[in-house]
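Open the structure in your viewer, keep the sequence panel beside it, and follow the stops below in order, selecting what each one names before reading on.

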Amino acid sequence: MMPERDPAVEWLVRDMRSHLRKRPKRHQLSDAGAYAFDLYETNTASMPTYELACKAGCGSCCAAHVGVEVAEAFAIVRHLHQTRTPDVFTALMARVAEIAAEVGELDPGTRWVKQVFCAFLDPDSQSCTIYPVRPLACRGYNSNDLDACNLSTANLDHDQPIPADAVRMLRAQQLRQALAEVTARMIDQDGMTDHAELHSALTAAHAADSELAWMRANKHG
Ligand code: SF4
Ligand code: SF4
């Protein structure tokens, strides 16, 4: 028997595809990612925040594995092209590639023990330097217990239970599923495209000459 489809994901797929019909083909992937980021923010804007432990300047979780969809990676690379000078962009992508080589293939537990911080975490302010385009995984993960986070960091224990906001996490997961499905349809693939570790996905997106080139290279049939 086929598993039941989440009606929220179905709705998101329809909405994203309708939005993308008005967008130029050459930016379909990055536009899809940016649109998903906007949808997440709109959808969670009115949710209460009093139970959330996450605050600006708290970045110890930014050594954790972050998975992204292809469209998110292209949205981030496009943002970096638009907001960084060519020299800064080149240096940043070189650092991203180094981190991808070091931790891109590790399982989340091993990656956590290595404590290699995300290329986009500012070490002084402990803030995210790509906040407007940070991945859905980062947006959706909101701890309700700072002590549990600190314990996980102190003990390097990836399995430390950390109570997190379930509704925000679900919204982020639904948007990621919808993005993976929309991307699959762009390249005539059934189901969903694979996700990848953040730095690895960015390195692959940067290596593609363009979004159209990526779509041509990955087209099925
Ligand atoms: S998840 Fe934990 S470590 Fe990360 S920002 Fe929130 S409170 Fe801080
Ligand atoms: S993208 Fe930003 S929020 Fe996400 S892990 Fe990197 S620094 Fe942290």
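Predicted model: local features only at pLDDT ≥ 70, side-chain atom pairs only at ≥ 80, totals over all residues.

Residues are numbered from 1 along each chain as its sequence is written, and chains are lettered from A and ligands numbered from 1 in the order in which they are written.

Next, colour by secondary structure: the protein chain has 10 helices and four strands, which are DSSP runs numbered from the N terminus (helices are H or I, at least four residues; strands are E, at least two). Read along the sequence, their pattern is α-α-β-α-α-α-β-β-α-α-α-β-α-α. Turning the C-alpha trace along its principal axes, you will find that it spans about 50 × 45 × 35 Å.

Now select the largest nonpolar core, which has 43 residues, with Ala32 and Ala73 having the most contacts inside it. Such a core is a set of buried Ala, Val, Leu, Ile, Met, Phe, Trp, Tyr and Cys residues joined through C-beta atoms within 7 Å; a residue is buried if 20 or more other C-beta atoms lie within 10 Å of its own, exposed if 12 or fewer, and partly exposed in between. Helix H3 gives the most to this core, with eight residues. Zoom in on alanine 73, and, leaving aside residues up to four places away in sequence, you will see that it touches Val68, Ala201, Leu202 and Ala205.

Move to glycine 67, which is found in strand S1 (residues 67-68). Glycine 67 is partly exposed, with 17 other C-beta atoms within 10 Å. Its C-alpha atom is separated by 8.7 Å from that of leucine 136, 69 residues apart along the chain.

Then select ligand 1; which residues are around it? They are Ala53, Cys54, Cys58, Ser60, Cys61, Tyr141, Ser143, Leu146 and Cys149, where a residue is near a molecule if its C-beta atom, placed from the backbone, lies within 6 Å of it.

Finish at ligand 2, where the surrounding residues include Cys62, Cys118, Cys128, Arg134 and Cys138.

Key:
Contact = placed C-beta atoms within 7 Å.
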